[in-house]
Structures are given as C-alpha cells and as structure tokens.
Amino acid sequence: MQKAVLALLLAVFVLSGCTAAEDPFAKEISLKPVQQASLCMASVEPAYSSYANELYGWGFKKNVNAPPDIPESIQQMIHTYSGIYMSDTPRSLYLTFDEGYENGYTEKILDVLKENNVPAAFFVTGPYLEKEEALVRRMVNEGHIVGNHTVHHPSLPQVESTEKVKEEILGLQTLCKEKYGVDMKFFRPPRGEYSERTLKITEDLGYTSVFWSFAYKDWDVKAQKGTEYAYEQIMKGVHDGAVLLLHAVSKDNAEVLDRVIKELKSKGYRFKSLEDFS
C-alpha cells in the first residue's frame with residue numbers, strides 16, 4: 001500500500017486497541033522505547049523476505065450494533081494467515097481480555113464469569129504468567145483460554161530478527177507449558193500491530209491470530225469514565241459474531257461485566273469459547 005493511502009486509512013479508521021503511544025503494559029514490563037524503524041526492513045531473514053513487513057494497526061470504523069467497516073484487502077490478509085476477528089454465527093459472542101499487568105480486578109471478573117457460566121480468553125504477557133500464578137491457575141481450572149500476548153509486548157513488525165519475533169511468542173508458550181501445563185493456540189498481536197510477515201510467522205508457529213470487532217478506550221486506568229459509560233459503549237458495540245476486547249485493568253469493566261452479560265443473554269446472545277469459533 002502506498003504511503004498516501006496508508007495515511008488516509010489511518011485518518012479514517014479509529015484504532016480500537018491500545019496504541020504504541022498509549023501502551024498500558026509497557027511500564028509494568030519495563031520496555032525500552034521502540035525507535036521508529038523502516039516498515040520494510042531489508043534485514044529480514046531469507047525464509048520470510050518475500051513477505052511484506054509494512055506495519056498495520058488494527059483499526060476500523062465502528063457501527064452501532066453492526067459489524068465494523070474493515071477494508072476488503074485487510075479482511076483477506078487476516079483470513080489468509082489464519083486470523084479471526086468476528087464470526088458468521090448469529091447471536092454468538094466471544095469475550096476476550098488483555099492482561100499485561102494485574103490491577104486488582106481479574107478476580108472479580110473471574111467471579112462474574114463463573115457465576116454466569118461464561119467462557120473467556122485471557123491474553124497474557126510474560127510478567128503476568130510469572131507474577132499472577134493464582135489467577136492464571138484459576139483461569140485454567142475454570143475452563144478459560146490462556147492466550148499468547150508475547151513475553152514483552154513489543155510491536156512485532158518493528159522487531160527486525162525473525163528469531164526474536166519467534167522468541168517473543170515461543171518464550172511465553174514454553175513458560176506457560178512448563179508452569180501451567182497449558183498448550184497455547186491463540187495469539188493476540190501486541191498493540192494490535194501486525195504485518196504480512198508477522199502474520200505468516202505466527203501462523204507457521206501454529207497459532208490463530210485473534211483480533212476483534214469491538215473495543216473501546218478502557219485501558220487508561222487514569223481516565224475511567226464510570227460504569228454507565230462502559231455499559232453504553234459495550235452495548236452499542238455488540239453485534240452478531242462479535243469478538244469483544246476488554247482490558248482487565250479497567251475498574252469500570254469489572255463492575256459492569258455482570259450487568260452486561262445478563263442483559264446480553266436476555267437478548268438472546270450466547271457467549272462461546274474461541275475453541276468453538278465458527
């Protein structure tokens with residue numbers, strides 16, 4: 001895609017996940033600032049040199065209670081490399097949470113999910129797997145998916161070495177298997193940033209890349225707007241087959257989740273596991 005077209009798309013489509021400038025996990029993980037690198041790196045290993053490394057941020061134009069507007073070319077790229085972002089199944093919903101650090105609300109979220117018999121996927125980073133053993137074990141024991149969000153939460157297209165990209169993914173996979181006995185199968189790109197190259201690498205490692213069709217700005221813990229705002233945002237964003245992205249660091253999400261689940265169930269929606277995605 002030419003730079004002018006890319007710039008226009010970025011201006012039109014609203015990014016729905018956290019951006020590099022507002023990374024909610026970087027402080028906890030103590031990442032060094034990522035320098036802007038060429039989006040088409042000449043140093044990519046030969047095995048993946050034929051795959052474009054142009055950086056895309058997952059974004060879209062939201063619609064009220066309807067699927068978002070996503071360019072056909074982007075849809076095709078995601079599907080080509082075993083990615084998903086919404087289902088074709090009517091009245092189905094897939095609840096996912098991103099977990100880079102613990103802010104004290106995951107236990108309440110798990111309580112609500114258990115009470116309502118709702119499965120979810122929690123995409124975790126390395127520090128989370130290391131520090132939050134009790135919560136991760138509870139996720140596993142209660143039938144939730146523990147998904148791969150990389151060890152350090154970098155923007156993968158800006159990681160030049162293919163081996164380092166693999167280390168970010170496989171390092172977490174190995175830790176999860178050794179510590180919890182869990183095989184990871186689902187991957188969420190940090191910051192929602194990806195390229196054809198990183199999608200291909202992820203697919204070759206045996207993962208399904210999980211994007212989303214609804215999210216809102218819930219990750220800024222200093223700018224929570226209250227449960228009514230959270231409720232309105234989620235209820236307006238729900239649509240058939242939606243993959244919902246929520247951040248578990250949000251106090252508002254934890255407090256409104258039970259109300260949201262019960263309301264959506266009363267409207268005929270069914271919460272399904274990513275294991276049953278169709």
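This is a predicted model: local features need pLDDT of at least 70, side-chain atom pairs count only at pLDDT 80 or more; totals for chains, interfaces and linings use all residues.
A residue is called buried here when its relative accessible area is under 20%, exposed when over 50%, and partly exposed in between, using a 1.4 Å probe and protein chains only.

Residues are numbered from 1 along each chain as its sequence is written, and side-chain values use heavy atoms, with hydrogens and water left out.

The chain has 10 helices and 13 strands; these are DSSP runs numbered from the N terminus, H or I of at least four residues for helices and E of at least two for strands. Contact means heavy atoms within 4.5 Å. Among contacts between residues at least 6 apart in sequence, 79% join residues at least 24 apart.

Now to two helix pairs. Two packed helices are described by the angle between their axes and the distance between the axes. The axes are lines fitted to C-alpha atoms over the stretch in contact, and angles run from 0 to 180 degrees between N-to-C directions.

| Helix pair | Crossing angle | Axis distance |
|---|---|---|
| α9 (residues 227-237) and α10 (residues 251-266) | roughly 45° | within 9 Å |
| α7 (residues 162-180) and α8 (residues 196-204) | about 55° | 11 Å |

Angles under 35 degrees count as roughly parallel, over 145 as roughly antiparallel, 65 to 115 as roughly perpendicular and the rest as oblique. α9 and α10 are therefore oblique to each other, and α7 and α8 are likewise oblique.

On the α9 side, residues including Y231, I234 and M235 meet α10 residues, among them V256, R259 and L264. The residues of this α9 and α10 contact divide into 7 nonpolar, 2 polar and 5 charged. Here Ala, Val, Leu, Ile, Met, Phe, Trp, Tyr, Cys and Pro count as nonpolar, Asp, Glu, Lys and Arg as charged, and the others, Gly among them, as polar.

In the other pair, T162, V165, K166 and I169 of α7 meet R197, I201 and T202 of α8. That contact has 3 nonpolar, 2 polar and 2 charged residues.

Finally, a look at two strands. β7 (residues 121-124) pairs with β8 in the parallel sense over 4 bridges, where pairing requires at least two DSSP bridges. V124 stands opposite N148 in β8. Within β8 (residues 145-148), I145 and G147 point one way and V146 and N148 the other, and all are buried.
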